[in-house]
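Subject: Structure for your review

Dear colleague,

Please find below the structure that I am handing over to you. I would be grateful if you would look at it alongside the notes that come after it.

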Amino acid sequence: MGILGAGTVGAAFLRLLERHGGVDVSAVLVRDVAKARDVGTWRPRFTDDPDLVLDGVDVLVELIGGVDEATELVARAADSGARVVSANKAALAEGWERWGPWVRGGRVGFEAAVMAGTPVVGPLAGALRGSRPIALHALLNGTCAFVIDRMEGGMDAAEALAEAQRLGYAEADPSIDVDGVDAAHKLCILARLAFDPEMPWGRVAGGVRGIRDLDARAVRREVARGRRVRLVASIWGGGDGWRTAVRPVVVPESHPLVLVGSGRNALAFTGDAVGDVLIAGAGAG
Ligand code: HSE
């Protein structure tokens with residue numbers, strides 16, 4: 001196995017791999033070989049030379065994020081017959097022209113790209129396909145969920161975001177979270193799994209509003225009225241075309257997306273045969 005990246009996700013993956021054992025890791029690609037990393041007691045070979053990671057691997061695990069560099073490195077592995085596992089929602093959403101054929105050919109596993117370890121890619125690509133989809137409403141960004149939760153409790157937005165970064169929720173550039181783009185990347189992936197296999201990224205990106213302008217006092221006013229603000233990613237419509245949106249929504253506190261608990265990711269899917277299905281769990285951190 002070759003591994004790209006040892007940042008927040010990569011280091012956590014290495015610690016997990018150490019617990020499981022039995023995997024022969026060629027090398028781990030990093031920008032700065034000398035940097036101290038919390039990867040447990042195990043010391044895989046860190047390198048800044050992609051050749052040492054890619055040459056002859058059976059499986060490539062891509063955890064560097066971003067679109068262009070990740071796509072080029074994955075292309076090298078895929079072209080030489082390796083299987084790829086990636087948590088890269090940005091590349092999957094924005095780089096579908098390249099990634100689509102690898103995904104359709106069964107060469108890429110990407111369960112962790114949406115809702116982390118909570119399984120949604122498998123169910124949407126598998127069992128739920130037995131129903132005609134009607135709608136999906138989801139909380140897909142842990143950072144925004146965490147920031148809104150802390151706002152409800154009286155913290156201001158900047159303080160809450162700093163805490164989310166410390167806990168490992170946020171992207172390297174947290175504006176991707178705050179502006180709703182991360183949730184939109186994930187929504188685009190889900191849309192292609194169960195609604196429209198060729199959903200263009202540009203269509204999803206056209207309907208995105210994040211939490212940057214959310215006023216903490218307004219959030220607390222809603223709590224006092226028995227309602228909650230949530231950043232909701234939605235797909236609905238069908239008929240003459242699926243519509244998508246990511247935006248803050250006021251929902252009653254009795255709504256399933258609120259009852260799953262603060263800070264959690266959740267996905268509510270409605271299909272004609274299966275009815276309403278709710279999947280919830282940790283999605284970041
Ligand atoms: N920044 C992401 C989030 C990480 O806050 O949900 C998990 O994809």
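Predicted model: local features only at pLDDT ≥ 70, side-chain atom pairs only at ≥ 80, totals over all residues.

I begin with the ligand. There are 13 residues around it, and K89, G142, T143, E171 and D177 come nearest. K89 places a polar side-chain atom 2.7 Å from an oxygen atom of the ligand. For N141, a polar side-chain atom lies 3.3 Å from an oxygen atom of the ligand. Y169 uses its backbone instead: an N or O atom there is 2.8 Å from a nitrogen atom of the ligand. The ligand taken alone exposes 260 Å², of which the protein buries 89%.

The next topic is strand β8. Seven of the ten residues in β8 are buried, so this strand is mostly covered. β8 runs antiparallel to β7 (residues 133–139), and three bridges join the two. One of the residues to look for is A138, whose bridge partner in β8 is A233. β8 is also antiparallel to β9, to which ten bridges join it. Here S234 stands opposite A245 in β9. Six residues lie between the strands in the hairpin of β8 and β9, where G237 takes a positive phi near 115 degrees.

F195 belongs to the loop between α10 (181–194) and α11 (201–205), whereas W242 belongs to the loop between β8 (227–236) and β9 (243–252), so the pair ties together parts that are 47 residues apart in sequence.

Are these two residues buried or exposed? The cut-off for buried is under 20% relative accessible area. F195, at 10% relative accessibility, therefore counts as buried, and W242 also counts as buried, at 17%. Ring pairs link F195 and W242 with F269 into a cluster. Elsewhere, the charged end of R37 sits over the ring of F46, at 5.2 Å from the ring centre.

With kind regards

Terms used. Residues numbered from 1 in each chain as written. Heavy atoms only, no water. Helix = DSSP H or I, 4+ residues; strand = E, 2+ residues; numbered from the N terminus. Buried < 20%, exposed > 50% of the residue type's maximum accessible area, 1.4 Å probe, protein only. Phe/Tyr/Trp six-rings, centres within 6.5 Å; stacked < 30°, edge-to-face > 60°. Lys NZ or Arg CZ within 6 Å of the ring centre and 35° of its normal. Pairing = 2+ DSSP bridges. Near = heavy atom within 4 Å. Polar contact = N/O pair within 3.5 Å; in protein donor to acceptor, adjacent residues only side chain to side chain. Areas by Shrake-Rupley, 256 points an atom, 1.4 Å probe, with all protein chains shown as cover.
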